Each structure stands twice: as C-alpha cells, then as structure tokens.
Amino acid sequence: MTLFIPASCDWSSNGNAGKSWRVVLVFIQYNPTSCSGCVVNDLSLYNDLSSLELELFCKRQLTDNKMKVAALLILGCLVWEGLAKPKFPEQEKDPNFWKGLAQSSLKNALTLQELNKNIAKNVILFLGDGMGISTVTAARILKGQMSGKSGEETQLEMDKFPHVALSKTYNTNAQVPDSAGTATAYLCGVKANEGTVGVSAAAVRSQCNTTQGNEVTSILKWAKDAGKSVGIVTTTRVNHATPSAAYAHCVDRDWYSDGEMPPEALQSGCKDIARQLFENIPDINVIMGGGRKYMYPKNTPDVEYPGDKKHNGTRKDGRNLVGEWIDRVKDKRGYYVWNKRDLLSLNPNNVDYLLGLFEPADLAYELERNEDADPSLTEMVEVAIKILRKNERGFYLLVEGGRIDHGHHEGKAKQALHEAVEMDLAITRAGLLTSVHDTLTVVTADHSHVFSFGGYTPRGNSIFGLAPMMSDIDQKPFTSILYGNGPGFKFVNGSRENVSTVDYEHNNYQAQSAVPLSMETHGGEDVAIFSKGPMAHLLHGVQEQHYIPHVMAYAACIGQNKDHCRTTSGSSSLSHISPTLAILLSVTWFLC
Ligand SMILES: [Zn+2]
C-alpha cells in the first residue's frame, strides 16, 4: 500500500502572481510487518501548486479511505506555511527606522575621527581558527537565533569593533594556507611556509637541519622581554599550530612531542613543541588548553581517563613536563589545574603562573563540553585576564577559538558555528574586564574554509535549515549551508542524497559538499581583522597577514619600532595630555 504525503512545504513570492506552493511529497510504502509502519522510498516534487491545486492533486493521488489522512496532512502543511512566512520586526516597514539606524551609525563613525593614539598597555589577539567571513556572518545569525531572534540583525561583539581590515592569508609556498605558516605571520610578523612554526620561509617543512639560524620570535616574546605578563588560551592542545608559533621554532607542526618525531630529527637536535613550550620562554604566565598527553612519559595513564590507552603519555624521553613546571613555579605562586572545579576555585589575585591542561589532546566541542568537568573558552579567558592584568606594565594574551576549524574540516557546520559564537562570548567577557583606552583588542582568523550559505532563504530561516526551493536539476531540496568539498558528499542510488530524509539540524550533521573529501579544506580568500583600542585604526585596508603583530607591537611600544614611544616618555598618551598642559600653560601665562 502506498501513500503520498506532504513532507515539507514552503511558499515563495511569485511577483505579481502572488504566492506559489512548493511541496515535497514523500512516497511512503506501508509495511504492516514493520513496527514503524512506513519506509521513505522516494521524493517527488510538485512546484507552484496553489493550495486548491494541491488539494485536488492529493485527492487524485489518494483513495477515499486515505482522504482523512491526506486532509490532515494538508492542514498541517497550511499551518506550517503560516509559521514559515518570513517574519521581521514591524518597525522595519518604517523608512524612519532605517534612517535612524543609519544616522546613529554615522554619528558613531564621526567620533572615530578622534583617533585613539594611546599607548596600549595591554594587547589581546583573538584568533578564530578557520573563521572566514562566511563563518562570521553565519555565527552572527546563529547567535541571534539562539536568543529567539531572526538573527540577521544581531551584532556579534566583534561587529561592534570600530575598525575592520582584510588580511591576505597565503603562505610563502601556498595559495591556500595552513594554520602553522599563518600563525608565524600574525604572531612573528614574518610570512612562512605551510606546516612550519616560528621559523622563516628559509626553513623547509620536516627538514630539521633547516631550523637553526631561521628562527623568528613572536610578539608574545617581545611583550615578555618588555616586562609584560603573557598568556596563551586555546581550545586545542596548547602545542597545536596556532599557539605553538608564539613560543616554538619548529619545521613541523606535527612534532607535538618527541613521540611524534622521526629519529633523524631527534638525532639532529630538533626539539618537540611541548618541550619548547616550557623551555623557550620559561616564564609564560598563563597557559590553558588541552594536550596533557604530550607532557608525560610514554604509557603514563591520563589523570582523567586512566583506563583509556589512547590518552596515555607520548614522551619517549621519559620527562614529565608538568611535574618539572610545577617544581619551577612552586615558590612563585604557580598552580597546575586539569579540571574546571580546580580552575574556578583559584583566586587570580593570588596566582602569578597558571598551567591548565583540561584534556589529553584538544578540548571538546562547546556543544559537547562536559560543563561540570571542563571550562568554556569564556571562563578560561576571564581567569587569564584576571591573572595577567595584575602586572602594572600590562599584558599580551593570545586567545584561540581553535575548533571552529575542526568543525568545518569535519563538515559539521553546527559544531563550527557554535565554536565561533563561544569565542564571541569570550570577546565580550574580555571587553568587560579591560578598557579600550589602554587595551588593543584584535580579532581575526588565520584562514577561511570552503563554507558557504545561500539559496534565497527567507528572513529568520534557521541557519541550518533548507533553502525554500528545490534544485531544478535533481528536483531535491538542499540546505542553505553547503561546502565546496568535504565528507558531506553523499550519493544514494546514484544521485544526491535527499536531505529531507536526514536530520540536517543535528549537531553532527555533515553538510553536503560538491566534491568528496574525507576532510574539508581551508579556503583561500581574505579574512577579516576587527580591532578596537589604541592604534586600532592602523589595521585598515587590505593588508598582508604578517602586518598584524607589527601594529600590535607598535601600539604597545614593544618590539622593533618604538621611536614614537620616546616622545611620549612612557605616558599613556601625548595627545591626551597635551591639551591639559596647554591649558595650564595658558592660565599660568595669563596670571603672570
Ligand atoms: Zn585547519
């Protein structure tokens, strides 16, 4: 026995002709032996039916005894249609609403003529790994929809930053870059080859003997050398590509510990990245993220997952890097924590050094995080800033939303976008704990992904939802979010999988891609740089990625370009003080 029922239905505007129906009918085969009773076999498309035509069509398809079922389903379809109409706030119909909004933005823009030329006491870089511009837009919509709005009009925290530039992300040897070469650019100020961290483009990936002499230092080191406190917070392992360029010089990003290194590299004297974390810049004040297993001798059971061998220590040299670190800081108000409870029980006022390693490798996705055991990125950032800001010379903090990238690589857009939203919440928290008068905050990405969303979706459409039309080629629905390549490519019986038959809003749904790949790839287009605080206006226009730390260092009067700092004699701002001095001098002159 077979039934045609509407499985989904949408309307679309048809110009002067008014609305038209677009209805997917599911061909259902009733199976009396099956408990569920039905199997979805096929989908058929019937475009542009009026509701009357739809009803007539269904009547023709159904026998009398199925009419009630069909009528109910059609009724359901009509209700759905009513709910699915694009909704937007009533005020948006009023031209004055838009004019007022624009005037308010204009007023804000005009105030930017008074440039913030203060010296940046504090510098914070938020790095969304893989957070291309399409990801920023989609995360914005998601954030709005998470609070019950249609989403598009929402402002991310980074959207509120007054200055925006574009960053050209290519590596010296790659048009579409990776996270290691790009990290060297935005942390060390030098473009480099893919796969390498903290070394110039003269170094060759995986060739140990090309390391020596080609090391380049990062802004984290420049800040430390200038007496600032420094910190690293990431949702990946702390020796992953992004954070590692802040402290390591390594020709291979995958040399997490000596257990991952080839014997020749070890014999030639190259050091693994975990070891370099503790040896190169020994006084990093705050280190938080994952990566415990790379710090312990091979086969050491993990403290959180002692029964799971894949989380055992990986080090061949027998060293316990965490134990060594604890010994080194025990008289310097240093603390090691591996869970949220211990982290949040610390009083940051009594902590000068903190090592927090919350997972054996990367932290869990925010959507899958154990809220009792593991801190969020926002919680880590808050603790980090409270520890670092005690230094009267200020601080440098690198924060990485590192798993946006991983979500995209897996084709799991929902995971990626929730990671981006979480990073935005961390940016908000950082803004509450600092001041734009003395803190330069920069938000950017290392590279993009081949992630897109489109399909003429109506206002307020779920960012994970369907486009309001069928493909006119294969007559099947499609999700708004799609990837250029990746693991979501699925052919069923020789044609594109019908997404109506799967839960495309599931956390781990892999959005369809044009080309099958087990791992979706990075994208090559520019990414955004958002900035606020002292000298933020220098991040303008279209720039090479390696320009970023040069601006940050200039703003903070650290690193190579400090000529402008001497004229301000270390004061917070010459431009701020001059008018005051001028008034005092005038009054003195007048009185005399
Ligand atoms: Zn990646």
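The legends below describe close-up views of salt bridges and cavities in a predicted model.

Residues are numbered from 1 along each chain as its sequence is written, and side-chain values use heavy atoms, with hydrogens and water left out. Because the model is predicted, local features need pLDDT of at least 70 and side-chain atom pairs count only at pLDDT 80 or more, whereas totals for chains, interfaces and linings use all residues.

**View 1. Salt bridge between K160 and E157.** The closest N and O atoms of K160 and E157 are 3.2 Å apart, a salt bridge being a side-chain nitrogen of Lys or Arg within 4 Å of a carboxyl oxygen of Asp or Glu. K160 is partly exposed at 46% relative accessibility, whereas E157 is buried at 14% (buried means under 20% relative accessible area, exposed over 50% and partly exposed in between, with a 1.4 Å probe and protein chains only). A search of the whole structure finds 34 salt bridges.

**View 2. Salt bridge between D342 and R341.** Here the closest N and O atoms are 3.6 Å apart. D342 is partly exposed, with a relative accessible area of 25%, while R341 is exposed, with 59%.

**View 3. Salt bridge between D352 and K390.** The side chains of D352 and K390 meet at 3.6 Å, N to O. This pair links distant parts of the chain, 38 residues apart, with D352 in the loop between helix 11 (340-345) and strand 9 (353-357) and K390 in the loop between helix 12 (377-388) and strand 10 (395-401); helices (H or I, at least four residues) and strands (E, at least two) are DSSP runs, numbered from the N terminus. Both residues are partly exposed, D352 at 26% relative accessibility and K390 at 31%.

**View 4. The largest cavity.** The largest cavity has a volume of about 100 Å³, where a cavity is a set of points, on a 1 Å grid over the protein atoms alone, at which a 1.4 Å probe fits but cannot get out, and lining residues have an atom within 4 Å of a point. Grid points are joined across faces, edges and corners, and the volume is the space filled by probe spheres set on the points. Among the residues lining this cavity are T235, E366, R369, D374, E419 and E422.

**View 5. The second largest cavity.** About 70 Å³ of space lies in this cavity, whose lining includes K414, F464, Y504, H506 and Y509. The structure holds two cavities of 30 Å³ or more.

Key. On a 1 Å grid over the protein atoms alone, a cavity is a set of points where a 1.4 Å probe fits but cannot get out, and a pocket is an open set with protein on both sides within 12 Å along at least five of seven lines; lining residues have an atom within 4 Å of a point.
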